[in-house]
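Here are some friendly notes to read alongside the model. Keep the viewer open and look up each residue as it comes up.

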Amino acid sequence: MDFVPTPEGTSPATPVATSAAAPPSVETPALKSSAGGASAGSAPAGPKPVAKDSTAGMLFGIGAYVLWGLLPLYFFILMPAGAVEIVANRVVWSLLFCALLITVTRAWGVLATALKDRRVFGSLALAAFLIAINWLTYTYGVTTGQAVETSLGYFINPLVSVLLGVLVLKERLRPLQWTAVGVGFVAVGVLTYSYGKLPWIALTLAFSFGLYGFVKNRVGSRVDAITSLSVETMVLAPLAAVAMVVLAAGGSSTLTSQGAGHFWLLLASGVITAVPLLFFGASARRLPMTTIGLLQYFAPVLQFLVALLVFREAMTLERWIGFGVVWLALLVLTLDMLRAARRNSLARRAALRQGA
């Protein structure tokens with residue numbers, strides 16, 4: 001299983017197989033994009049490959065995950081706007097920003113091709129509804145004082161990706177992967193005890209994003225990041241527009257009632273959604289997927305720190321233990337990923353020497 005999704009509604013601009021059979025908030029080690037890929041010649045060509053440049057790739061990758069990690073601060077300053085209003089604005093203004101980017105890059109033909117391809121459009125429409133669930137849950141968690149639990153969702157996400165490989169793709173896991181999944185289940189049990197209820201926000205985030213990454217990787221080579229985001233926001237835009245109208249009619253919209261600063265901050269959601277996605281796409285084309293899989297931990301770590309140090313959310317001893325067990329599972333998964341990547345690298349070098 002070689003699948004790396006990304007947090008907050010993104011996917012790699014190109015499907016890059018990792019050598020590790022591993023998991024994507026946060027895109028993590030991932031499910032093979034080839035699982036649902038079309039045959040050659042039956043689909044529009046994917047994005048052109050870019051020469052490897054580790055320095056630029058690292059900077060782009062760190063930039064993307066740092067922006068995603070600091071996203072709770074943005075939602076916090078948008079209050080008193082609620083989750084539905086924030087997500088609705090995010091969808092609408094993201095669509096307009098994507099339209100601007102497509103115009104500048106003269107990519108309307110590429111978008112039209114994606115819309116005409118039923119398989120691509122159907123997959124992206126499904127991805128749109130999955131990421132809408134993810135965005136709503138994430139924004140709700142942050143704006144209701146549960147940012148710690150939202151970070152937990154993206155910590156758990158790699159384990160969910162591994163589990164999806166077993167349940168959906170019927171893949172066989174290596175012993176360390178099974179160990180990581182088992183430890184993950186123990187962590188959920190500890191955290192359920194700690195919270196006094198199932199940590200549904202974290203689990204909803206992990207599973208919605210895991211499924212989102214799975215769907216996106218099936219069409220990853222056939223659409224670039226901006227085309228993909230454009231189609232997804234086009235699907236969601238009618239619902240988002242209706243939500244904005246209903247909120248305005250009911251007097252609960254904050255778009256025009258909280259001053260010019262609040263208005264422009266909400267409009268900026270389109271840029272704030274698209275920029276880290278572009279950074280991630282640039283990074284994914286330049287770095288090995290193993291490196292991307294390690295960088296993805298930046299986002300939940302930053303989210304966790306923001307929740308503790310800025311929002312001052314409480315962490316009981318039981319929750320620390322639960323998070324510690326999750327981190328142990330991720331450590332096991334990461335070690336397995338690095339071991340598999342090293343084995344495959346050595347095998348490739350040996351094959352090259354034999355063919356020389």
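1. **The overall picture.** Please keep in mind that this is a predicted model. Of the 356 residues, 55% count as buried. The chain exposes about 15100 Å², and carbon and sulfur atoms supply 69% of that area.

2. H6 covers residues 147-167, which makes 21 residues. From its first C-alpha to its last it reaches 29 Å, close to the 30 Å expected at 1.5 Å a residue. Where does H6 bend? Look at Asn157: the helix bends there by about 40°. A proline, Pro158, follows within four residues of that point. H6 is also mostly covered, with 20 of its 21 residues buried.

3. **The largest nonpolar core.** As general background, nonpolar side chains tend to be buried together in soluble globular proteins. In this model the largest nonpolar core has 71 residues. Which of its members touch the most others? They are Phe75, Val148, Ile156 and Phe323. H6 gives this core its largest share, twelve residues. Apart from this core lies another one, of 17 residues, and its members include Cys98, Val219, Ala225 and Ile226.

4. **A closer look at Phe323.** Leaving aside neighbours within four places in sequence, Phe323 is in contact with Val148, Ser151, Leu152 and Phe155, among others. The list of contacts also includes Leu191, Tyr195, Phe304 and Met315.

5. **Aromatic pairs.** How many aromatic pairs are there? The count comes to 18. One of them joins Tyr140 and Trp200, with 6.0 Å centre to centre and 35° between the planes, and it is classed as tilted. This pair links distant parts of the chain: Tyr140 belongs to helix H5 (residues 118-143) and Trp200 to helix H8 (residues 200-218), 60 residues apart. For a cluster of rings, look at Tyr74, Phe75, Tyr138, Tyr154, Phe209 and Tyr212, which are linked by ring pairs.

6. **Helix H3 and Val87.** H3 has 22 residues and reaches 31 Å from its first C-alpha to its last, close to the 32 Å expected at 1.5 Å a residue. Val87 lies in this helix. Is Val87 buried or exposed? Its relative accessible area is 8%, so it counts as buried. Leaving aside neighbours within four places in sequence, Val87 is in contact with Trp135, Leu136 and Thr139. Val87 and Tyr138 are 51 residues apart in sequence, and their C-alpha atoms are 9.8 Å apart in space.

7. **Ser123 in H5.** Ser123 lies in helix H5. With a relative accessible area of 16%, Ser123 falls under the 20% cut-off and is therefore buried. Leaving aside neighbours within four places in sequence, it is in contact with Val215 and Val219. Val219 is one of the residues in the 17-residue core.

8. **Backbone details in the loops.** Which two residues does a cis peptide bond join? They are Met79 and Pro80, with omega about 20°. Pro80 is found in the loop between helix H2 (71-77) and helix H3 (83-104). Next, check Arg106, in the loop between H3 and helix H4 (108-116). Arg106 has a positive phi of about 55° although it is not a glycine, and it counts as exposed because its relative accessibility is 77%. Arg312 has a positive phi too, of about 60°, and is not a glycine either. Arg312 lies in the loop between helix H13 (298-310) and helix H14 (317-355), and its relative accessible area of 67% makes it exposed.

Notes:
Residues are numbered from 1 along each chain as its sequence is written. This is a predicted model: local features need pLDDT of at least 70, side-chain atom pairs count only at pLDDT 80 or more; totals for chains, interfaces and linings use all residues. Side-chain values use heavy atoms; hydrogens and water are left out. Helices (H or I, at least four residues) and strands (E, at least two) are DSSP runs, numbered from the N terminus. Buried means under 20% relative accessible area, exposed over 50%, partly exposed in between (1.4 Å probe, protein chains only). The expected span of a helix is 1.5 Å times one less than its number of residues. The bend at a residue is the angle between axes fitted to the seven residues ending there and the seven starting there. A nonpolar core is a set of buried Ala, Val, Leu, Ile, Met, Phe, Trp, Tyr and Cys residues joined through side-chain atoms within 4.5 Å. Contact means heavy atoms within 4.5 Å. Accessible areas come from the Shrake-Rupley method with a 1.4 Å probe; for residues, only the protein chains shown count as cover. Rings of Phe, Tyr and Trp (its six-membered ring) pair if their centres lie within 6.5 Å; planes under 30 degrees apart count as stacked, over 60 as edge-to-face and the rest as tilted.
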